[in-house]
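Let's take a walk through a protein model together.

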Amino acid sequence: MNINETTSYLFAEVTNLYRTGFEKAMVELGLHSGQVFILQLLYIEDGQSQIELALKLNNTPPTINNMVKSLLSNSFVKSRKCKKDGRVMRVFLTQKAIDLEQEIKEKWLQFDENFYSSLTATEKLILFQLLEKLKSDFGK
């Protein structure tokens with residue numbers, strides 16, 4: 001069997017298609033696709049540390065730091081030292097990011113609907129369940 005005939009290869013190809021399309025959708029809002037995940041976490045709980053964000057996104061602290069720097073330079077977030085531990089920087093949403101929350105959600109859901117439009121409702125549910133299982137099993 002050739003590598004390009006494996007499930008992993010196909011999954012990587014689909015992931016690349018998804019990432020490229022999602023990036024195009026988010027650039028219209030002035031964001032990169034990875035930054036949206038940071039904002040989503042901050043919409044849930046504002047004022048998280050970069051370490052907390054890195055752990056929740058299963059990403060390296062330097063990568064998160066670069067994304068936060070970009071969000072800072074574009075006025076989507078602000079940061080300040082933690083009151084309890086001055087070594088820790090906490091990230092907070094700006095009004096600009098708060099005002100963009102609904103638009104991000106709408107773009108995300110629109111892209112999601114378009115990307116999976118060739119699947120039936122049952123196929124979408126099965127795919128969702130399979131991806132959740134892979135995430136749960138592989139993330140251990």
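A couple of ground rules come before the tour. This is a predicted model, so to speak of local features we need pLDDT of at least 70, side-chain atom pairs count only at pLDDT 80 or more, and totals for chains, interfaces and linings use all residues. Residues are numbered from 1 along each chain as its sequence is written, and side-chain values use heavy atoms, with hydrogens and water left out.

Now the overall view. The protein chain has six helices and three strands; here helices (H or I, at least four residues) and strands (E, at least two) are DSSP runs, numbered from the N terminus. The C-alpha trace spans about 55 × 30 × 25 Å along its principal axes. Of the chain's 140 residues, 26% count as buried, where buried means under 20% relative accessible area, exposed means over 50%, and partly exposed is in between (1.4 Å probe, protein chains only). If you take contacts between residues at least 6 apart in sequence, 51% of them join residues at least 24 apart; a contact means heavy atoms within 4.5 Å.

Next, find the strands. They form an open sheet of three, in the order β1-β3-β2, with antiparallel pairing. Two strands pair if DSSP finds at least two bridges between them. The edge strands are β1 and β2, each of which pairs on one side only. Helix α2 packs on this sheet and touches β1, β2 and β3, and its direction makes about 85° with that of β3. For such angles, axes are lines fitted to C-alpha atoms (for helices, over the stretch in contact), and the angles run from 0 to 180 degrees between N-to-C directions.

How many bridges does each pairing have? Strand β1 (residues 48–49) and strand β3 (residues 89–93) share two bridges, while five bridges join β2 (residues 77–81) to β3.

Now for two helices. The axes of α1 (residues 7–27) and α5 (residues 95–115) come within 10 Å and cross at roughly 145°. Among the residues making this contact are Val14, Leu17 and Phe22 of α1, along with Ile104, Trp108 and Phe111 of α5. By class, the contact has ten nonpolar, one polar and two charged residues. In this count, Ala, Val, Leu, Ile, Met, Phe, Trp, Tyr, Cys and Pro are nonpolar, Asp, Glu, Lys and Arg are charged, and the others, Gly among them, are polar.

Let's zoom in on lysine 107, which sits in helix α5. Is lysine 107 buried or exposed? Lysine 107 counts as buried because its relative accessible area is 19%. Leaving aside neighbours within four places in sequence, lysine 107 touches Ala25, Met26, Glu28 and Leu29. Its side chain also makes a polar contact of 2.3 Å with that of glutamate 28. A polar contact is a pair of N or O atoms within 3.5 Å; within protein, one must be able to donate a hydrogen and the other to accept it, and residues adjacent in sequence count only if both atoms are side-chain atoms.

Our last stop is serine 33, in helix α2 (residues 33–44). Serine 33 is buried because its relative accessibility is 11%. A polar contact of 2.7 Å links the side chains of serine 33 and glutamate 23.
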